[in-house]
Amino acid sequence: MGISSAYLKKNYKKIAFWTMSFGMLLNLISVQNVSSAYKNIQGGLSAGPDQISWVLSSFLIAEVVMLPISGWLMRALSTRVFFCICSAGFALASLLCGLSWSIDSMIVFRAMQGFFGGGMMPATFAIGFTLFPKKDTQKITILVGFIATMASLLGPLLGGYLSESVSWRWVFI
């Protein structure tokens with residue numbers, strides 16, 4: 001039994017927002033989960049202590065680069081197209097992180113992941129504030145804040161569990 005087109009038309013705003021929120025959650029988890037998998041990633045890629053810190057730093061630097069230009073890109077491309085590009089780029093970069101063959105490749109792929117992930121949060125806020133009436137703005141802000149808090153809780157748990165029980169590569173995949 002599938003979802004009817006009438007249901008989709010009636011609830012497209014909620015479906016779009018929840019889908020984007022889930023993508024943003026995955027992006028935020030990817031920031032958090034690496035910290036608990038550091039030692040496994042370091043061992044798996046034969047990285048030194050000074051190199052492994054770049055796995056997180058490259059992500060954050062690229063994310064900070066994307067944040068100020070995301071508004072311009074959303075206006076130029078449309079928020080929907082921008083979010084789809086960011087989601088696809090983030091997914092591809094995540095897969096490439098999981099397939100990394102050296103610390104250098106991991107750093108480059110993490111920077112790509114951070115760059116594309118950096119556009120997902122502003123796009124989610126933009127869609128939330130555009131699709132829903134002004135009276136729901138506070139609810140949208142609280143919901144996105146809750147999602148960010150959940151990522152801070154789930155990220156280290158998932159990263160530690162996956163890296164210890166399966167492989168550090170599954171932290172990204």
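Is Trp101 buried or exposed? Select Trp101 and you'll find that it counts as exposed, at 63% relative accessibility. (Buried means under 20% relative accessible area, exposed over 50%, and partly exposed in between, using a 1.4 Å probe and protein chains only.)

Before moving on, some ground rules. This is a predicted model, where local features need pLDDT of at least 70 and side-chain atom pairs count only at pLDDT 80 or more, while totals for chains, interfaces and linings use all residues. Residues are numbered from 1 along each chain as its sequence is written, and side-chain values use heavy atoms, with hydrogens and water left out.

**Stop 1: the rings**

The structure holds six aromatic pairs. Rings of Phe, Tyr and Trp (its six-membered ring) pair if their centres lie within 6.5 Å; planes under 30 degrees apart count as stacked, over 60 as edge-to-face and the rest as tilted. Phe109 is buried, with a relative accessible area of 10%.

Next, pick Phe125 and Phe129. Their ring centres are 5.7 Å apart and the planes sit at 40°, so this pair is tilted. Both residues belong to helix α6 (residues 120-131), four residues apart, about one turn of the helix. (Helices are DSSP runs of H or I, at least four residues, and strands are runs of E, at least two, numbered from the N terminus.) Phe125 is partly exposed at 22%, and Phe129 is partly exposed at 37%. For a further group of rings, select Phe17, Trp18 and Phe132, which ring pairs link into a cluster.

**Stop 2**

Now show helix α5 (residues 103-117). Its 15 residues reach 20 Å from first C-alpha to last, close to the 21 Å expected at 1.5 Å a residue; the expected span is 1.5 Å times one less than the number of residues. Its buried residues include Met106, Phe109, Arg110 and Gln113.

Which residues does Phe172 touch? Leaving out residues up to four places away in sequence, its contacts (heavy atoms within 4.5 Å) are Val34, Ile41, Ser94, Cys97, Gly98, Met106, Arg110 and Gln113. Phe172 lies in the segment after α7 and counts as buried at 6% relative accessibility. Try the distance tool on Phe172 and Cys97: they are 75 residues apart in sequence, but 6.1 Å apart C-alpha to C-alpha.

Ser30, in helix α1 (residues 5-33), is buried at 7%. Beyond its neighbours within four places, Ser30 is in contact with Phe59, Phe90, Arg110 and Gln113. A polar atom of the Ser30 side chain also lies 2.6 Å from the backbone oxygen of Asn27.

**Stop 3: the charged pairs**

Three salt bridges turn up in a search of the whole structure. (Each is a side-chain nitrogen of Lys or Arg within 4 Å of a carboxyl oxygen of Asp or Glu.) Select Glu164 and Lys39, whose side chains meet at 3.2 Å, N to O. The pair links distant parts of the chain, with Glu164 in helix α7 (residues 137-165) and Lys39 in helix α2 (residues 38-44), 125 residues apart. Glu164 is exposed at 51%, and Lys39 is exposed at 59%.

Finish at Asp136, which is buried at 12%. Asp136 forms a salt bridge with Lys135 at 3.7 Å between the closest N and O atoms, and meets Lys139 in another at 3.6 Å. These shared partners join Lys135, Asp136 and Lys139 into one network. Lys135 is exposed at 67%, and Lys139 is exposed at 58%.

Notes. A polar contact is a pair of N or O atoms within 3.5 Å; within protein, one must be able to donate a hydrogen and the other to accept it, and residues adjacent in sequence count only if both atoms are side-chain atoms.
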